[in-house]
Amino acid sequence: MRMLNKDEIKTLKEIESKYYMQPMIVKINVDISTKTLSLQEIFNHLYGYLVDCKDEVGNLIQKRIQKGEIKDASQARKSIAGSAFSNLIVWVFLKNKEQGSIKQNIFITSKISSIPQWQDLFYIKVGEETQKPDVDLVIYSLDSNAKLHKSLILSLKTSLRERAGQTYKWKLLMEIANTESSIKEKYDISYNPPISPLVCFATVNFYNEINNPQHRGMFKFFDCAFIGKNIQTGDFIKPLSYLIDYIGENLQ
C-alpha cells in the first residue's frame, strides 16, 4: 500500500467530512470490507450509491433545515447530486491510488489552477475572446522533474439532459485549433498548450439516455466516455472502472 501526499490526504478528509457524502462512504466501506466489490469495481456502482442513499441524505437535509443551516431543500438536493458524483470519483480514485492501483505521479483535482501551465492548457483564444472547457475534474501526470507530462479533462454529468454538449464542442474547437484550416484563420483561433489534453466524459445516466441516437453520436467526439452504472455497455461508452486502465495506458 502506498502513501498519499498531504494534499491528497487532506482532500480525502474534506470529502469524508461533507454531511451528504457520509452515508455513501459508509456503504462503500461495507462493500469493500465484506469483499462484495473491489475498489476498482466501486466505480461501476456510483449510480447505486447515489440512489440508495437518497433518503438518508434527504433526512440529513431536513435536519439542517430545522437548524437553519439550509433554506431550500430542493436546491440543496440539486446541488448535492452533481457534487456527490464528483466527490465520489475523487474519493474512489484516491483510495485506488492508496492501494497502489494508480501510480504516484498521477493526480486528480477539481482545482484547475493548481495544475502547472493550466491557462495554456485550457484556454483557447478566438480573436480577443477566450474559450475554456466545461471541466469538472482533471487527471494529470508529472515527469521526474515535477513538470506537466500528460493530462485528461473529465466532464461529469449526472444526466445527459444537462449541458453535456458543451464539452464536446470545446473538444471540436481544440481539434480545429490544432489543425491548419481556413476555419482557424477565419475566426482567428489560437491555442498553444504545453501538451494536448485528452478530453473525456463520465455520467451516471440517471434517466437512461445513453441509447438515444443523438446522445450516442455525441460520445463519438470524446477520447473516451465512461458510465458509473452497473449495466452492459457497448463500445461507445466504457464502465467507469476502465478509467484506471485508461489513465495507466495514456498518462504515463
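**Figure 1. Helices H2 and H5 in contact.** In this predicted model, helix H2 (residues 22-33) and helix H5 cross at roughly 145 degrees, and their axes come within 9 Å. The crossing by which H2 passes H5 is right-handed. On the H2 side the contact involves Pro23, Met24 and Lys27, which meet Glu56, Val57 and Leu60 of H5. Sorted by class, the residues of this contact comprise four nonpolar, no polar and two charged.

**Figure 2. Helices H5 and H6 in contact.** Helix H5 spans residues 54-66 and helix H6 spans residues 73-99; the two pack with their axes 10 Å apart, at an angle of about 135 degrees. H5 is therefore oblique to H6. The crossing of this pair is right-handed. H5 contributes Val57, Ile61, Gln62 and Ile65 to the contact, while H6 contributes Ala73, Ala76, Arg77 and Ile80. Six nonpolar residues, one polar residue and one charged residue make up the contact of H5 with H6.

**Figure 3. Helices H1 and H6 in contact.** Helix H1 (residues 6-17) crosses H6 at roughly 135 degrees, and the axes come within 10 Å. These two helices are therefore oblique to each other. The crossing of H1 and H6 is left-handed. Glu8, Thr11, Leu12, Ile15 and Glu16 of H1 meet Asn87, Val90, Trp91, Leu94, Lys95 and Lys97 of H6. The contact of H1 with H6 divides into five nonpolar, two polar and four charged residues.

**Figure 4. The open sheet of six strands.** The strands of this sheet follow the order S1-S4-S5-S7-S8-S9, and their pairing is mixed. Strands of a sheet pair through backbone hydrogen bonds, and they do so either parallel or antiparallel. Strand S1 (106-109) and strand S9 (238-239) are the edge strands, each pairing on one side only. S1 and strand S4 (residues 137-142) run antiparallel and are joined by four bridges. Within this pairing, isoleucine 106 stands opposite serine 141 of S4.

Figure 5. H6 lies across S1, S4, strand S5 (148-157) and strand S7 (198-203), and runs at about 160 degrees to S1. H11 lies across S1, S4, S5, S7, S8 and S9, and runs at about 155 degrees to S8.

**Figure 6. The open sheet of three strands.** The strand order in this sheet is S3-S2-S6, and the pairing is antiparallel. Its edge strands are strand S3 (129-131) and strand S6 (189-190), each of which pairs on one side only. Strand S2 (residues 124-126) and S3 are paired over three bridges in the antiparallel sense. Here valine 126 stands opposite glutamate 129 of S3.

Figure 7. The model has a count of eight aromatic pairs. One of them is formed by phenylalanine 226 and tyrosine 242, a tilted pair with 6.4 Å from centre to centre and 40 degrees between the planes. Phenylalanine 226 belongs to strand S8 (residues 224-227) and tyrosine 242 to helix H11 (residues 242-250), so the pair ties together parts that lie 16 residues apart in sequence. In general, a pair of aromatic rings is described by the distance of the centres and the angle of the planes.

Terms used
Residues numbered from 1 in each chain as written. Predicted model: local features only at pLDDT ≥ 70, side-chain atom pairs only at ≥ 80, totals over all residues. Heavy atoms only, no water. Axes fitted to C-alpha atoms, helices over the stretch in contact; angles between N-to-C directions. Parallel < 35°, antiparallel > 145°, perpendicular 65-115°, else oblique. Left-handed = near helix turned anticlockwise from the far one by under 90°. Contact = heavy atoms within 4.5 Å. Nonpolar A, V, L, I, M, F, W, Y, C, P; charged D, E, K, R; others polar. Pairing = 2+ DSSP bridges. Phe/Tyr/Trp six-rings, centres within 6.5 Å; stacked < 30°, edge-to-face > 60°.
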